[in-house]
Amino acid sequence: MAFLSDTLARVKPSPTIAVTQKAAELKAAGKDVIGLGAGEPDFDTPQNIKDAGKRAIDEGKTKYTTVDGIPELKAAICAKFKRENGLEYTPKQVTVGTGGKQVLYNALMATLNPGDEVIIPAPYWVSYPDMVLLAGGTPVPVAAGIETQFKLTPALLEAAITPKTKWFIFNSPSNPTGAGYTREELKALTDVLMRHPHIWIMSDDMYEHLTFDGFEFVTPAQVEPGLYDRTLTCNGVSKAYAMTGWRIGYAAGPVELIRAMSTIQSQSTSNPCSIAQWAAVEALNGPQDFLAANRLLFQKRRDLVVSMLNQAKGLTCPRPEGAFYVYPDISGCIGKTSAGGTKITDDEAFATALLEETGVAVVFGAAFGLSPNFRVSYATSEAALTEACSRIQAFCAGLS
Ligand SMILES: Cc1ncc(COP(=O)(O)O)c(C=O)c1O
């Protein structure tokens, strides 16, 4: 009898974590490393939110809670959806989990049967395909390249749909490209979905608050109310409120789906951390003005990185609408040899040589399902970004 399960054989460890580990090893060995791999804001959780967490501890709010979230947090989430997205949900339609990741995982575990297909626009967040595989489904990646600014078109979506399609995963602004869909672009996709009533929509709105130049964030159930009954609108406090370590994510959708997700959670982790839930209540109900300040900070960094990367020989870097990532194309570097003697056969070779020869850590595009590219996270200081981009420019100039 095999010790490890067949399920485990279907998935791979996160490549983004592997890059972070390699960079940490080089750093420990004394190398001057600049990490552009991390997927989290580089600033601290706001003080009012930290204080709410401390208060929860002092007031003894440290016991089990309802499995899928305390009523106060569910009420705050309903208010958030109404205030920011024009969406009406009741607490029964809301579930809270240990990070956005668990919420998405619960939904897939609760609904996928063998043979069920899940359409995932590529490049995608690394966890989507593996979560689908863990849940026994079949991921169907659909490539949306630089020619459409990494956005799925209605024709591409239509062509990927089969009678077995269960879910369509939508992520805007996107990890890893930062691409954000306008209302018109999203409406064109929801028009396709309206013609296929067997498909459910999983909207991952994790980067909602990180949009630039006045870009209007929109989510499918808002743009097409006809999809409300088969949409799971997912979000969380991790990225917007710099709360990645607190582990609170949430979703709203049809009661039957929410109940099924709660059942999965009740037999795995039970409630998310009680203290973190109280901190999330403060995040959603408290002052929101720092969101605008952070947006401006990230926008400035995006402009710096896009400008410097487009000056690197062989790179093309689109200017995305949101998140804190850019996804330059490296077609112009493929087939060349680095100053250190590495043949750049693909984006993994590029990222490896870049790290070894310049100490800049990025994640190669193959990890996100679209090559040849790499992902830069610009959630770090302007000084570090300027130095890292200068090293990337020098590395590209040295390719021959
Ligand atoms: C697109 C996307 N969705 C979901 C998540 C998960 O967020 P959380 O940390 O709340 O689990 C991430 C985190 O990197 C993400 O990039």
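Predicted model: local features only at pLDDT ≥ 70, side-chain atom pairs only at ≥ 80, totals over all residues.
The ligand sits in the largest pocket. Its shell has 13 residues, and the closest are Gly-100, Asp-204, Tyr-207, Ser-238 and Lys-239. By class, four residues of the shell are nonpolar, five are polar and four are charged. Helix 5, residues 99–111, gives the largest share of this shell, with three residues.

| Residue | Protein atom | Distance to a ligand oxygen |
|---|---|---|
| Gly-100 | polar backbone atom | 2.8 Å |
| Asn-175 | N or O atom in the side chain | 2.8 Å |
| Lys-239 | polar side-chain atom | 2.6 Å |

Taken alone, the ligand exposes 390 Å², of which the protein buries 92%.

The largest pocket holds about 580 Å³ of space. Its lining consists of 26 residues, with Gly-39, Lys-101, Trp-125, Asn-175 and Lys-239 nearest the centre. Helix 2 (15–28), helix 5 and helix 6 (127–134) are the elements that give two or more residues to this lining. Nine of the lining residues are nonpolar, eleven polar and six charged.

The second largest pocket has about 200 Å³ of space. Of the 13 residues that line it, Lys-101, Ser-127, Asp-130, Met-131 and Leu-134 lie nearest its centre. Helix 5 and helix 6 each supply at least two residues of the lining, and helix 6 gives the largest share, four residues. The lining of the second largest pocket has seven nonpolar, three polar and three charged residues.

Note on methods
Residues numbered from 1 in each chain as written. Heavy atoms only, no water. Near = heavy atom within 4 Å. Polar contact = N/O pair within 3.5 Å; in protein donor to acceptor, adjacent residues only side chain to side chain. Areas by Shrake-Rupley, 256 points an atom, 1.4 Å probe, with all protein chains shown as cover. 1 Å grid on protein atoms, 1.4 Å probe; cavity = no way out; pocket = protein on both sides within 12 Å on 5 of 7 lines; lining within 4 Å. Sits in = over half its atoms within 2 Å of the grid points. Nonpolar A, V, L, I, M, F, W, Y, C, P; charged D, E, K, R; others polar. Points joined across faces, edges and corners; volume = space filled by probe spheres on them.
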